[in-house]
Amino acid sequence: MFRHLVSWALALFLIAMFVQATIYPLPNPPEGSVKFFDPPGENIVFQTIAVNSGVSLFEPTGRVVVGIVELLAALFLLLPMTRRFGAFLSALVLGGAVAMHLSPWLGREIPVSLDPQNTATDGGMLFMLAIVMLVASLLLMVVHPGKQKYE
């Protein structure tokens with residue numbers, strides 16, 4: 001029973017974070033932080049990667065592809081019989097996010113605005129969230145109960 005509760009708690013946490021990052025259901029989302037609703041070239045994370053890497057494919061194409069994969073992972077996490085696959089897919093996405101944060105293309109601290117005059121950063125909060133979510137995904141793969149009949 002404990003494994004089921006932990007599995008649901010981890011899955012619901014990951015689902016909430018993915019939905020929040022892709023479609024942001026709350027009113028007044030911060031500018032440049034919603035994958036599906038930011039205008040092209042205005043998502044802070046993916047525009048920073050595109051500018052620093054010189055690969056324009058990251059924004060908006062990469063952003064939309066990552067958003068779709070995140071929503072697919074959330075869908076698989078919701079269903080107990082596909083939860084382990086959802087956790088694996090989630091771990092792949094978040095492993096890529098952590099790798100990007102460790103690369104010179106993004107860095108551990110990202111700017112809070114695309115305005116070059118504004119030098120404020122998030123203080124590494126997005127990087128830490130990616131690590132926490134990656135750990136939750138890996139833990140979910142281990143904790144989720146084995147194959148059973150779900151009725």
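**View 1. Helix H2 is mostly covered, with 8 of its 10 residues buried.** Here "buried" means under 20% relative accessible area, "exposed" means over 50%, and "partly exposed" lies in between, using a 1.4 Å probe and protein chains only. The covered residues of H2 are Ile44, Val45, Phe46, Gln47, Thr48, Ile49, Ala50 and Ser53. They pack against H3, H4 and H5, where contact means heavy atoms within 4.5 Å. Helix names follow DSSP runs (H or I, at least four residues; strands are E, at least two), numbered from the N terminus. A word on the model: it is predicted, so local features need pLDDT of at least 70 and side-chain atom pairs count only at pLDDT 80 or more, while totals for chains, interfaces and linings use all residues. Residues are numbered from 1 along each chain as its sequence is written, and side-chain values use heavy atoms, with hydrogens and water left out.

**View 2. A cis peptide bond joins Glu59 to Pro60.** Its omega is near 10°. Look for Pro60 in the loop between helix H2 (44–53) and H3. Asp115 belongs to the loop between H4 and H5 and is partly exposed, at 38% relative accessible area.

**View 3. Arg63 of helix H3 is a buried arginine.** Its relative accessible area is 2%. Which residues does Arg63 contact, leaving aside its neighbours within four places in sequence? They are Val34, Lys35, Phe36, Asp38, Pro39, Pro40, Gly41, Asn43, Phe46 and Phe58. Phe46 in this list is also one of the buried residues of H2.

**View 4. H1 and H3 pass each other with their axes within 9 Å.** The axes, which are lines fitted to C-alpha atoms over the stretch in contact, cross at roughly 155°, on a scale that runs from 0 to 180 degrees between N-to-C directions. The two helices are therefore roughly antiparallel; angles over 145 degrees get that name, those under 35 count as roughly parallel, 65 to 115 as roughly perpendicular, and the rest as oblique. H1 passes H3 in a left-handed crossing, meaning that the near helix is turned anticlockwise from the far one by less than a right angle (clockwise would be right-handed). On the H1 side, the contact is made by Trp8, Ala11, Leu14, Ile15, Phe18, Val19, Ala21 and Thr22, and on the H3 side by Gly67, Glu70, Leu71, Ala73, Ala74, Leu77 and Leu78. By class, that gives 12 nonpolar, 2 polar and 1 charged residues. The nonpolar class holds Ala, Val, Leu, Ile, Met, Phe, Trp, Tyr, Cys and Pro; Asp, Glu, Lys and Arg are charged; the others, Gly among them, are polar.

**View 5. Ala74 sits in helix H3 and counts as buried.** Its relative accessibility is 7%. Apart from neighbours within four places in sequence, Ala74 is in contact with Ile15 and Phe18. Met17 is 57 residues away from Ala74 in sequence, yet their C-alpha atoms are 9.0 Å apart in space.

**View 6. H3 and H4 pack at an angle of about 155°, with their axes 7 Å apart.** That makes H3 roughly antiparallel to H4, and the crossing is left-handed. Val66, Val69, Glu70, Leu72, Ala73, Phe76, Leu77 and Leu78 of H3 meet Arg83, Phe85, Gly86, Ala87, Leu89, Ser90 and Val93 of H4. These residues divide into 11 nonpolar, 2 polar and 2 charged.

**View 7. H1 and H4 cross at roughly 45°, with axes that come within 11 Å.** That makes H1 oblique to H4. Their crossing is left-handed. Ser7, Trp8, Ala11, Leu14 and Phe18 of H1 meet Arg83, Ser90 and Leu94 of H4, a contact of 5 nonpolar, 2 polar and 1 charged residues.

**View 8. The buried residues of H4 pack against helix H1 (2–22), helix H3 (61–78) and helix H5 (125–143).** They are Arg83, Gly86, Ala87, Leu89, Ser90, Ala91, Val93, Leu94, Val98 and His101. How far apart are the end C-alpha atoms of H4 (residues 83–102)? They are 28 Å apart, which agrees with the 28 Å that 20 residues should span at 1.5 Å a residue; the expected span is 1.5 Å times one less than the number of residues.
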